[in-house]
Each structure stands twice: as C-alpha cells, then as structure tokens.
Amino acid sequence: MSLEESIKSVGGIRFALSSPSEIRKYSVAEITAPETYDEDGMPVQGGLMDNRLGTLEPGQKCATCGNTAPKCPGHFGHIELAEPVIHIAFVDDIHKLLVSTCRACGRLLLSQEDINEYGKRLSEKSSASPMLVEIISREILAKVKKTKECFFCGRGQYEIEFTKPTVFHEITETGGATRLLPVAIRERLERITNDDLKLMGYDPSSARPEWLVLQVLPVPPVAVRPSITLESGIRSEDDLTHKIVDILRVNQRVRESKESGTPPLIVQDLVDLLQYHVTTYFDNEVSGIPQAHHRSGRPLKTISQRLKGKEGRFRGSLSGKRVDFSSRTVISPDPSLDISEVGVPFEVAKKLTIPEKASPWNIEFLKKLILNGPFKHPGANYIIRPDGIKIRLDYVTDLQMHADTLAPSFIVERHLTDGDIVIFNRQPSLHRMSVMAHYVKVLPYRTFRLHPAVCPPYNSDFDGDEMNLHVPQSEEARSEALTLMRVQDQILSPRYGGPIIGGIRDFLTAAYLLTKEGTFLTKEEFTSLALAGGMTPNMELPKPEKTDPVPLYSGRQLFSLFLPRDFNYVLVSKWEKSLRGATKDVVIKDGTLISGVIDRAAIGAEESDSILHRIAKDYGTEQARRFLNSTLRLLKAFITRSGFSYGFDELELPHEVRSKINETLDESYAKVADLNAQYKKGTLPETRGLSPESALEFYVANELSRAREKAGRIADKSFSIQNAGIIMARTGARGSTLNLGQMTAALGQQSVRGKRIEKGYQKRALPHFNKADPSPDARGFVRSNYRDGLNPIEFFFHAMGGREGLVDTAVRTQQSGYMQRRLVNALEHLKVEYDLTVRDPNGNVIQFRYGEDGIDPAKSDHGRAVNLERLIDTTALTSDQNKPAAESTIERAVEKYGGELNPRLREDLLRDLKSSKLDPKSVEKVCEKVVELVTKGTVEPGEASGIVAAQSIGEPGTQMTLRTFHFAGVKERDVTLGLPRLIELVDARKQPATPSMDVFLVEDYKKSNEKAVKVANEIRFTKVANVIDRVEVLVQGEIDIYLSKARLAERQCTLDDVLAAIQSPKRKIESDERRNLITVKMEVDFASLHIHKNKILNQKVKGIPGIDRVTVVKEGEEWKIQTSGSNLAKVRQIEGVDKTRTTTNNTFEIYQTLGIEAARNALVKEIMGTLEEQGLEVDIRHVYLVADLMTSKGFLQQIGRHGVAGTKTSVLARAAFEITVPTLAEAAVRGETEELRGVTENVIVGLPIPVGTGMIDVFMRGV
Amino acid sequence: MAKKTKKEDIIEETKVTDHKLVPKHEILSEDGKKQILSRFNATEEQFPFLFSTDPVVREIQAKPGDMVKITRVSDTAGECFYYRYVVEAV
C-alpha cells in the first residue's frame, strides 16, 4: 500500500495503553545491540539504526516496507527489559491502585455492599448528578484509606509509602519498611479485577494496570530520532537515541549479572539504574532525580520535553505550523494607497505566486506571463501540466516553447500582481483585526507599504515594525478572505461596535486646519485638492463662499464634497470640547458642513459616534472606505501644501509667564514646608485611618501634583491657538496638555512604585541632600521642563521613574498575553448555533440567546441594535409636523411590529415615539425600520462568539496600567484595579488582593451618622491589641494591660468587653477600672508568659473577622459603610445592615452566600467596572459570555487550567493548553476518545474547524 | 448582635432571594420543563447547572432534577430568561 492510498480523514482518536504483547506484535525488530553503526558505517543489525526501523538516507530502501525515505512511515522496534520498570507518567496511578486494593487478593478494599452500591449508582447514572464518576472515585479513595483488613480474604493491609519518583515501601506492623519492587507491584496490579477498576474510573479494556509497569520498551523508528551528519562528516545522534543506548547498556548488564549470580544487592543497584534511564527517557525533568546530560553538559531533550511547552510538539508543531507562500519585511507608510491596499515590493511579488488554471479566457494572458519568465514582473514561476509534472521556469531556456504548449487545464503559478487578495498580519495577533485581507499593489523598494489609517487595528508604527503577508492559494480561501476579511469589513470593531480604523496624527491636524474658520482656497487650489480626493467630472462644484475680489472657497466646502448628499449629523468636536465643553458645534446638513471643525471626534480612529461611524453604519462599509480614502487623501494633499511643523521656539514662554510659573511653584514649596512644620508640631489635621507620616506624605503629594497642574495650566493658557502643540493636543492628533506642560512648564513629581522617590541612601534619595531633607527637590520633584533641560539630579530621578515605566510595560505585556491565551483557550469552542443559543461543541448551553438580546456587537450601533434617536430624527425630516400620531396609534403600531423585540427595545421605542410628534405613517415607518435593523444586527449562526469575546477582553489588557492601587471612594480604602484585578476576576480567586465591602444600612440607621458609626464598630474587627496603650510583662508572672480610653471610645468598647474577651479558666484576671488596667496573673515561666501575652493581644474583643478597617461615608442622602476586608455572610447578620443591598468585591464570597446567579451578576459588574475605570470600551455582551461560561457548571470556574480550559472534553485541546503529558497519560488509562468537535483538536489533526464557514458542508444527494 | 432564637429567624437571617444581586428563581413544572427541553432541543445535562447546595436552591426548595427558570435583568434586552438544571453538588 502506498502512502497516498492510505490517506483518510481522521474521524476520532482513542487513547489507550499498549500491552506488552501489542508492543511485540508491532515491533519489526528486537533491539539488543547498544552500537549504532559498525566500522564501515553500516547500521548494526539489532542496533538502534537497524534498517528495518525505516530509513532516512535518500535513495535507500526500508528493509520492512521497501519504500524510500519520503514514503516509509517508519516502524517500531522493541527492547525486552531484563527487569520490569515503572513508567514514570503513571506512578501516581500505580500508587493509587496499590493503596486501594488488597495486597493479597487484589480486590478493592471495600465491602461487597459498598461495591454493589457504587456499581449500582454508576450504572443508573442519573442526569441530575453529572459529576458522578468524579464523586464516586473520590468517595472510594476516602473509604479505602480507612480499611485495615480486606473484606474478601481477610488479610491485614499495610501502609504504602511512596518515595518520589519511583520507589514504594510497605510499612509492616513491626514498623519495618520492605521495598516493593516493580516485579511485585506488577503482580499485584495483575490481580485487580476489571469491575473494581471500572469503579475507580479506569478503563481496563484500554489500559490494564499491569501495563503501567514496563516489561517491553517500544523503540521509536529512526524517523522520530534522525541523526544528523555534521560538516566534518561526524554523525551526531539524536537525544532519544543516546538515551536508548544507555537503556540498552544497563539492560545488558542487568541481564548478565542476573545470569552470573551476582549478589542481589548489586543487581538491585543496576535495576535502579535501569529505572533511572527509562524514567529520564520518558521525562528528563522529574523532580527528585538528577537530569541526564549530554556530553556537552546540555540536558537531554527526551519524550516529555519534546511534547511540552511553547516550542513543543503540541503548541509548536501541531497547533501552529510554518507555512509557504508567505513573506515578512519592514513596513512603511504610504498615504497615497487605498486603505484596503498593501504595497508589495517587486522582489516579493516575483517570489509569491498564485496558481491559475488556464482556460480559453485567460490563456493569452498566461502565455504572456510565461514569456516574461520568473525574473520579470509580471511573470510566472512554474507550469503544472495536467499529468502533474511541475516545470520550473528558472531553468528553462526556451520560454516561447512553454508558452506555446500552454493549453486549458494547465496550471500556471503566476506572480503576485495588482489587485490580488492577500492576508496581512502583525503580531501579536490580539484580535481579529490583526489579520486582514488587503489588495496587492506592487511597488518598487523593499518594504511593505500600508496606509497610516490602518495602523490602529494592527497597533503598528513605522519605527522598524515588520509584518507578515500570506497568499491564499485556493479559490475558496480567496473568496473567504474577500467576503470576510477585507479592511473595510473590519472598520467596525466587535469590541465596542464603533470604528477602529480612521484618521490619525497629521490627518487630524490637517482636518482642523482645513475646516477651521478662515481657511479659504482659490478655485485652483480647491479643484486640485478635490481632484486629489478623487473628485470626478460628474460631481458638481459648489458655489464659492466669497466672490470678492476673487472667488474663494472655504475649507468646509472642500470637506463637504465627499460627504453623502443626504447626510445630516451634529456632534461635539474634540476641539470644542477642550475649549468650551459639550456644545454640539459640528453641524452637517444635507451633506454640507455648516459649522464646526473636523478633528478626532469626527473622523478619528477608535472614536465612536463620529461622522465616520455614522457613514459606516448608515451607508455601509464600502461607502465608509471611499469616504475615508477621499478625505484622507485630500487632507494629505492639503497639509503637504500648507505645511505644518512644531519647533523649539513654539515651546518658549514669555518672561512673565515663566515668572508666574515660578511663583506658583514657590508657593507650593512654601506650602510643603508649612505641612512639614505642622507635622513636626503635631498639628497636622488627621485623615482618618492614616498614620501622621502617611498623612503628611499624602498631603505633600497632593500639593505637588496640584503644583504641576497649575504650572501646566498657566503655560497652556499663554499659548495661542496657532501654536502647533496646542493644535495637535486639542484636535487629538498627538500629545496632550500634560505633555505640553511638561515640555514648557515643569516636569513634576517623579515616582517609583506610586510613591515619591525615597530609597537609595539612609533617609535620603541621593547623597546630594541632607538626611531627611523635607524639600520636594530631595524627593524627586522636577521643577525644570524638557525645554530648559533637567539638572543632573533631576535627570537621575527622571531616569528612575522612566525605568519603572519600562519594567512595567515589559511585565504587563507578559501578564496580559497569558491572560489572553487563557481566555481564548477557555472560550474558543463556543459558537452561536442556529437557534441563537451559545453552546460548546457538546451542545452544552452557555447562553440561551447570545448577549441576551441576540445582537452582534460588531453589527450593533455602539452596543445597541438600533440608534432610535437618530432613526426618529431622520424620519422626522419627511414627517408631517402638524399631525402627530395619537398615543394609542403608537401603542398599536409598536404592538404590531414589536412582537419579536426585546422588552428594553420595545420600551425605548414606545417612549421615544411618544415624545417624537411623528405622524402615524412615520411611526409605522420607524417601527418597520427598527424590526429591519434588529434583524440585520442579529448574530449569524456559526459566529465564533467565544473567540470574539476572549479577544475583546484580552486585547485591551495590554493597554491597562499594571500597578494600580487606587483610592476608591475613601482615601484609606485602596482597591486593586487594572490588569491585576481583571486577572484576579477571571481566575475566580477565593481571596482577592484587596477585599472590600459596601455595607448599606436599613431605614433608621442610614439617616443617622451616629447609628451608622455604631454599626461600623460592630463590624470592624477589634482585638485586644487595638484598644491598649501598652502592655507590660512582669517577671513575677503577671501581664499588665493598660487600656487606652481614647481607643476604647473610638471603637465603642468598654473594659468589660475586653475582660469578657480574655476570660479563660487558666488565667486569673483582675481589673482596675480607674486606671484602666487589667492584670492577668499566671503561674508559668517567663517565656511562655510572653506567648500568652501575644495570645491575649490577638484575642477578639468584638466585630467580624476579616474586616480590617471601616469608614462611614455619606452617599447622597444616606450613610453607608465601606470596609477593607470582607465577610459577607457575617456582616449580613449584623443588626441595621441592609441585607438586600450590601455587597462585596469578593465574587467567591458572593457565590457562597448568595448563590451562583448572584456571583454571575457580581462578575459582570466587577469586570465591567474594572474595564470602565481604565477608560476601555468593551461591549457588555462579551463580559456576559465570560461570566456565563465561568458559572455554567453551577460553581465558579476559573479561566485556566484548573477551570474551564482544564475540564474540556477534548484530550488534545487540554494537552495543547498546559499540562500536556499528564493529560495524555490520564486519557490513556481512562480510555478516553477524542471526538474532534472543538477548535484546537481540529487544528491539530489538520481538519477544518467547526465554526463559521467551517461549520457547513455541501450536502450531495446520492445518485 | 442578632441572636439566634427561633428557626424562622435563622431562615430570615440567611434569606438571599431579596438581595439585589439575586435574580428571580422559580421551579418549572414538569410540563414547563418538557417545553423548555424541546424548545432548546437539549438534554437536561446540556443545560447550565445549579448545585443543590446553592443558597437560592435551598431557599426555594428545589430538588436535583428540577429545572429552574431565572428571570435576569439585562442591560441589553431589559429582561431575559435563563434556565438552570438542579444537580447534586460535587
């Protein structure tokens, strides 16, 4: 049978163990000789390179199958081990089996009744108890440990002691330990019955336990461990070959010494050595034994190491592969390109090819290409004849001859040419917009060119970034790329339902300069710019705004040229917002820009509700592409002509302004000095919960940050609006007012770990200062600005802060990358089914309707199915104002159309229509349109909603700040935020880093501060140490505790409370109320007296364990309590606490006390809160999906190996995620079957993935 | 501090269904359950689970094998239904 005939599609994979007889059966040769080659360089028969195991040399034939190297699949050999050894991957199973079964008869250590009971439960497996197998095997293990005597043979059982990695001992009654040798273990395992094994979750038909102890070792074919010939002609063998040689050598020695009657002790040492080699052959990273090394000192890469990890077989070679027809080079910008184009260098275009089948319609064209040959673009590199012969045109002398022989059904591999579709990608591919389809534009020079407007989705810049390009080879692949992946189809991001592509940098500056008041163009300028934007002769030229003395057109007219004629919109420009606030200045009426400036808010990337967004939404993405292209090209032409630069002189401030800034800073310095003086005097106002030191630090830091702000503001005010920096900052082109302030006014406080710089020397940051210098300068406040330059000390502080920034970024990318991987792994297999439920490949429902309303965020209008206001506004234009519809008419219309609408939309529709004054006909029209838009916005079956959700939450992770201890609400409550918090949430941690509660109060309590404080003191955990002044331990066996009146009062405790707390029969307690003294007398030695002192100090006086601090705050009309530390169950029981509203940020606690649904809601709330706090827009549907998945099994599952990703049914998917080898071992003993239903599994075996277009198939009726 | 006196008080103390994070849970009738199973064309085990030890389950006294209908408040749809199948806890 040749290899081609044997190619079949994989239907599934069953995992099992090979029995010794099977290994022998499949073996083509017993390997006995440790030598590989003899003196002539020929493989030794019975050696490791035996030619029956397959062949590597080209031309040489395999002794078993007769094929040459490319076709020979390789054949296994075997080694007969002189003594059985334990397979390292299964030691834990062996241990478990030994512990659970009788040492004499091999039966389970359970009574017959128990066995029957479990058997019955297993066979009657009820759907109400889906985790039965796990429950039972856990119960059995617990029960078995209590059994002392076998229920069947009555023999006493010994304890088994397992010494890692491979040694077992039995502890006999006398206390002596006898070694259990693998031979003995094997005998015991043989006795275990199949029925008992099934109870424990093993599948005896695929893995008998005795097979876990090896008698025969399979030897992999040479193709698995190819040797390489070095340049010097010396052969270098693979690590596995080396290891098997070791095994063979020791094996031989064991056999010889056994035969020659060597003392058993020495034989045992050799057997242990054999065990060591076999163990390291499987896994060279076993803890407890030394690694096996190569002669060079490098640790050997054995089987486990080959499979494991990022570069291992699963992740490195099966989940991801190297591909042909791809190219990588540096990218550079080209604003003359279309946004959907990519510039490809000629050199690249001549190497990447597309196979084109010749037909009567293209044969002449292809002939020309062949004549051009492989070196002239556009040409061809190969011709594939119908008989399968491939002709390489590089070596052909007579191209004409080949062109002439070309006939239909020949395939020509032609060069990449303009208009071909290719796939363009930049790593890290964090979301689907990181891989988009572009049209080729072949260009000179050696970089890939792309339009700057598509930088945001790729997150690329041109400081040396490289990108990859792939050429789809099949018609199917090309059409899929064309319909799903083109740039214009990706303008709207599924993360938040707004445009991610749009104008950036100079485009925005140009837009402002063009559309600002007072920009006028002559007819010549106007027409040439319009032409640059792609104006066509059939477009009408507008009337000039000014005619005297010469006709002049305004910049707004030029911009309006490319707006759709019927476009109406108003919005707030970024410019206006930074100046005056939210007045809607930009007005577009009938496709004409009437007023306002165009800037980031109108055409920017990552700006929702912009003009670009409206066009994409209302006119389609193709129109949006054209609009963007024309506008950006026009803007480019405009700014190229008008020019724009930012220079050193523009950073200069007038003398008065500089002195004003200096004054402000001096004022702040004085204030800081004052604060320090107050601190010394002890008159510093207290901030509750903070020590005087931290209070001082807090005030000073506040003052200094205000100083920088003020200085920055003064500088900002002094700039004219013509200042290039101001223009860039205000239009959103680049930079911020903070940056401007730092360049011109003062840099401000430098910080390390969120604090002013303090470390370095004793009590000072640098030796240039006095110890404990209170001046802001000494702690890293930089008064200078970038323009004037920093002095050396400031420079050093700045470098310290800068370094932290760099470290932070490096750490963050790693953390967020791992979170992304885990999210994708946990969610990849979820897709929308035809009934709009979201399910995993086994049909388990995660959501009953995707996103709860079935709307695809990518097709939504910024998260909503319909933008009602806009729809009503546009309809109102054609509506008869005088005949508003009656409320009943509206209700009837909504009733008629709204049957399928969700409650919220129906409500909104009703409300908006009632306040709209539309006539009855328009009302109907709106209703009809709403239904249409909802249908359009509904998710499509097959949508990989899981992956989209994972990407939408993971991708913004990189943009999050890492170290964010933020003060939420109250100053003394710091809460983890940003990336660490997000990770904590998806990890479903039992204890978050900063647990915290919001305790609401019931009626009487919430109105009175006094009562609220009282409740707060009931909640706050108070131990003895919190209410004392000091404590003295006296040698005569006495502990004197001096209570602090103030502290007692603050916590509303009394001396009696403390007395009650420390009451104990062993202690003799006396109290002196006048002196607030408690004396504890004990008759123990001095040392244990101290222990008792600590015990007493830690005793609880009142409150709830876990609540460290409480703050009573007023929120609106009511008082509530914020805590650090959390204990929901206990706090709910306190009188005065509102049980219905009190919450915590600990999701696990919510799960425990309020149930899984509450935990799901809390998860959504916390994740959304974390993202929003960072200013990241993520559609709530993505968060819903993650939360629903995490709670779908009835308990909180983490996103990661111990949760969702670890409980996938697919063996391959689990193995590819994290714990590769143990996963495979477990699959084998349980006899698991890979059904190939998910995504990763199918990628691994090379089949189409069952989501999206891979989900459907052509169904052919039988003839 | 509240004292544990009568049994009712204890139930009152641990009552969770009126908490704002807990949506409305109700046990479906045999008929209702059948209808839901056929509407989603799924077996019971394919539904999301609700452990028999869940505080809400204890309160509404659902048993393993019951189907619970949950009425969620939704940001996107206003209101929506979710179903969970009550199972024995691990």
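Guide: Two strands count as paired here if DSSP finds at least two bridges between them. The model is a predicted one.

Chain B comes first. Four strands of chain B form an open sheet, and their order across it is β1-β3-β4-β2. The pairing within this sheet is mixed. Its edges are β1 (24-27) and β2 (49-51) of chain B, each of which pairs on one side only. From one strand to the next, the twist averages 35 degrees. Within the sheet, β3 of chain B covers residues 67-74 and β4 of chain B covers residues 78-87. These two strands are antiparallel and are joined over eight bridges. One position can be named on each: B:Thr71 faces B:Phe81, which belongs to β4(B).

In chain A, the strand to follow is β14, residues 411-415. Of its five residues, four are buried, so β14 of chain A is largely enclosed by the rest of the structure. A residue is called buried when 20 or more other C-beta atoms lie within 10 Å of its own. Strand β11 of chain A (residues 353-357) runs antiparallel to β14(A), with five bridges between them. Here A:Pro355 has A:Glu413 of β14(A) as its bridge partner. Strand β12 of chain A (residues 380-384) is also antiparallel to β14(A), through four bridges. In that pairing, A:Ile384 lies opposite A:Ile411 of β14(A).

Conventions:
Residues numbered from 1 in each chain as written. Chains lettered and ligands numbered in written order. Predicted model: local features only at pLDDT ≥ 70, side-chain atom pairs only at ≥ 80, totals over all residues. Axes fitted to C-alpha atoms, helices over the stretch in contact; angles between N-to-C directions. Buried ≥ 20, exposed ≤ 12 C-beta atoms within 10 Å, placed from the backbone.
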